[in-house]
Amino acid sequence: MYRVDLNSDLGESFGRYTLGSDDKIIPLITSANVACGYHASDPVVMEKTVARAKEAGIRVGAHPGFPDLMGFGRRNMNVSGPEAKAYTLYQLGALHGFCKAQGMTLQHVKPHGAFYNMAAKDYALSKAICEAIYEFDKNLIVLALSGGELSRAALNMGLRTAQEVFADRAYEEDGTLVDRRKEGAMITDEEEAIARVSRMVKEKKVTAITGKDIPIEADSVCVHGDGAKALAFVERIRKTLTEEGITICSLDEIV
């Protein structure tokens, strides 16, 4: 039986600035990656996002990023292992507070943006992130790029690990995501994106930007909620996967 989690990066509004359609996306997914105040969000947004997730009956995970509000956490930063560990621990604690107050438990941790992409290639950085997670709560699931260094570090540390794939992103032959600045990095054709997801779940393969098929594991599919057609796309991907006999459930039921 095929099973997959649908996750989305949420709670990324800030003050009077609204980003994404969280209220509409939340009922369609099974796991929410909630920004923790470093790359986006603020205490009020965090509290509201956790409340919305609770009301919808979906699971919540922390989405820690680099301390880079101006760059939305998408700019690489040169940080030491102890700094990366402290950044992760700080953000986990912040979101945990809102979850505890509302009777929710954290399910997983997924780094954001540059933090995520750098960790996928840097074992030392990944190890620091995983140390923070392990010391905070060793039962948390690490949601990491399929086949990347963060996944390897989490497994080596004995943490529950879920392999993540992307519906709307192109892959390099080494399994990393194509840089957003490169042509072809984003998959804009909905039919193509949905077909790719189905294949990743069922065949454990994806076609890299070079045209070569590469192996991939898909425990969770990231569906971005901030694009112009985001809502329609999430609705379609959920409907298609269900029709193909793929059970959509939270990470806790998969790993």
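**View 1. Leu143 stands opposite Ala162, a residue of strand E6.** This close-up comes from a predicted model, where local features need pLDDT of at least 70, side-chain atom pairs count only at pLDDT 80 or more, and totals for chains, interfaces and linings use all residues. Residues are numbered from 1 along each chain as its sequence is written, and side-chain values use heavy atoms, with hydrogens and water left out. Strands E5 and E6 pair in the parallel sense over 5 bridges; two strands pair if DSSP finds at least two bridges between them. Helices (H or I, at least four residues) and strands (E, at least two) are DSSP runs, numbered from the N terminus. Of the 7 residues of E6, 6 are buried, so the strand is largely enclosed by the rest of the structure. Here buried means under 20% relative accessible area, exposed over 50%, and partly exposed in between (1.4 Å probe, protein chains only).

**View 2. Helix H6 covers residues 149–156.** Its buried residues are Glu149, Leu150, Ser151, Ala153 and Ala154. They are covered by elements including helix H4 (113–121), helix H5 (123–136), strand E5 (141–145) and strand E6 (160–166). Just after H6 you will find Gly158, with a positive phi of about 80°.

View 3. E1 is mostly covered, with 7 of its 9 residues buried.

**View 4. Val34 sits in strand E2 (residues 31–35).** Val34 is buried, with a relative accessible area of 0%. Not counting residues up to four places away in sequence, Val34 touches Leu10, Thr49, Val60, Gly61, Ala62, His63 and Leu95; contact means heavy atoms within 4.5 Å.

**View 5. Leu69 lies in the loop between strand E3 (59–63) and helix H3 (81–101).** Leu69 is partly exposed, at a relative accessible area of 41%. Setting aside residues up to four places away in sequence, Leu69 touches Phe14, Gly37, Tyr38, His39 and Ala40.

**View 6. The largest nonpolar core holds 73 residues.** Such a core is a set of buried Ala, Val, Leu, Ile, Met, Phe, Trp, Tyr and Cys residues joined through side-chain atoms within 4.5 Å. The residues with the most contacts inside it are Ile29, Leu95, Tyr171, Val221 and Ile237. Leaving aside neighbours within four places in sequence, Ile237 is in contact with Ala167, Ile194, Val197, Val221 and Val223.

**View 7. The largest pocket has a volume of about 660 Å³.** Of its 29 lining residues, Gly113, Ala114, Asn117, Arg169 and Arg180 are the closest to its centre. On a 1 Å grid over the protein atoms alone, a pocket is an open set of points where a 1.4 Å probe fits, with protein on both sides within 12 Å along at least five of seven lines; lining residues have an atom within 4 Å of a point. Grid points are joined across faces, edges and corners, and the volume is the space filled by probe spheres set on the points. Helix H4 gives the largest share of the lining, 7 residues.
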